Amino acid sequence: MIQKPVSLFLVPTPIGNLKDITLRSVEVLKSVDVILAEDTRTSGTLLKHLEITRPLQSYHIFNEHKAAEKLVERMKKGEVFALVSDAGTPAISDPGFLLVREVIAAGLEVQCLPGPTAFVPALVNSGLPNDRFVFEGFLPHKKGRKTRIDALEEESRTIIFYESPHRLTKTLEQLSESFGADRQACVSRELTKLHEENVRGTLAELIAYYETNPLKGEIVLVVAGKPEKRETREERQATKREKWNTDD
């Protein structure tokens with residue numbers, strides 16, 4: 001099978017500490033024709049730090065539908081693009097999915113580089129089970145918010161949310177109402193930065209903590225899943241007896 005040249009690279013950028021960008025990411029950003037950025041000012045600062053001087057073009061949630069088709073046409077003519085978000089891996093709760101879908105549909109090659117993603121370190125250092133988890137991203141701000149939370153009541157896997165500082169307390173309270181105040185959770189903020197903080201405890205304890213501790217920075221909320229009910233010895237024996245009676 002002949003390997004097609006890559007038309008679109010998805011390049012993760014640091015979520016805080018600028019040293020977290022990979023050598024390969026720097027190499028790709030230096031080699032492409034155009035870098036698509038969620039915010040050209042934010043990305044411009046990073047590129048200046050990395051001494052990268054490639055053309056920047058705005059690509060964000062407000063123009064992605066209109067821009068995708070034109071970008072694909074340019075890729076068909078041979079231009080190579082890199083997509084970056086303000087922080088982390090593009091298309092994870094950030095613009096990118098629509099463009100990736102259109103590029104693939106056009107028969108062009110897409111490649112996502114490995115790199116920083118906020119929810120991975122937050123999950124791992126939460127101390128909660130990480131062998132199975134579900135990523136929910138941002139909850140709806142208003143309509144559908146309670147419905148989404150209620151739908152997760154029976155979820156047994158660890159649940160990961162992104163949240164803003166001014167909505168965190170409300171989210172903790174709503175989760176406490178649906179999941180129970182004693183459900184374990186961890187709030188991670190400013191990951192990889194100088195003032196990184198990971199606060200662990202029950203939902204009730206976290207609510208009490210943030211009532212007196214003001215919040216700033218990007219937040220990842222990791223919540224334990226609903227404990228799976230384990231069958232007791234008596235229940236196992238009853239199940240066996242019922243099976244034997246049925247077989248007879």
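A nonpolar core is a set of buried Ala, Val, Leu, Ile, Met, Phe, Trp, Tyr and Cys residues joined through side-chain atoms within 4.5 Å. Buried means under 20% relative accessible area, exposed over 50%, and partly exposed in between, with a 1.4 Å probe and protein chains only.

The model you see is predicted, so local features need pLDDT of at least 70 and side-chain atom pairs count only at pLDDT 80 or more, while totals for chains, interfaces and linings use all residues. Residues are numbered from 1 along each chain as its sequence is written, and side-chain values use heavy atoms, leaving out hydrogens and water.

**The core**

The largest nonpolar core has 21 residues, and those touching the most other members are Phe161, Leu168, Leu172, Leu175, Phe179, Tyr210 and Leu221. Helices (H or I, at least four residues) and strands (E, at least two) are DSSP runs, numbered from the N terminus.

Contact here means heavy atoms within 4.5 Å.

**The sheet**

Two strands pair if DSSP finds at least two bridges between them. An open sheet of 5 strands runs in the order S6-S7-S10-S8-S9, with mixed pairing. Its edge strands, S6 (133-138) and S9 (197-202), each pair on one side only. S8 and S9 are antiparallel partners over 6 bridges, and Arg189 stands opposite Glu197 in S9. H7 packs on the sheet and touches S7, S8 and S10; the direction of H7 makes about 10° with that of S10. Such axes are lines fitted to C-alpha atoms, for helices over the stretch in contact, with angles from 0 to 180 degrees between N-to-C directions. H8 lies across S8 and S9, at about 130° to S9.

**Helix H1**

In H1 (residues 23-31), the buried residues are Ser25, Val26, Val28 and Leu29. They sit on the same side of H1 because they cover an arc of only 165° around the axis, taken from the directions from the helix axis to the C-beta atoms. On the other side, Leu23, Glu27 and Ser31 are exposed. The cover over the buried residues of H1 includes strand S1 (6-10), strand S2 (34-37), helix H2 (40-49) and strand S4 (81-84).
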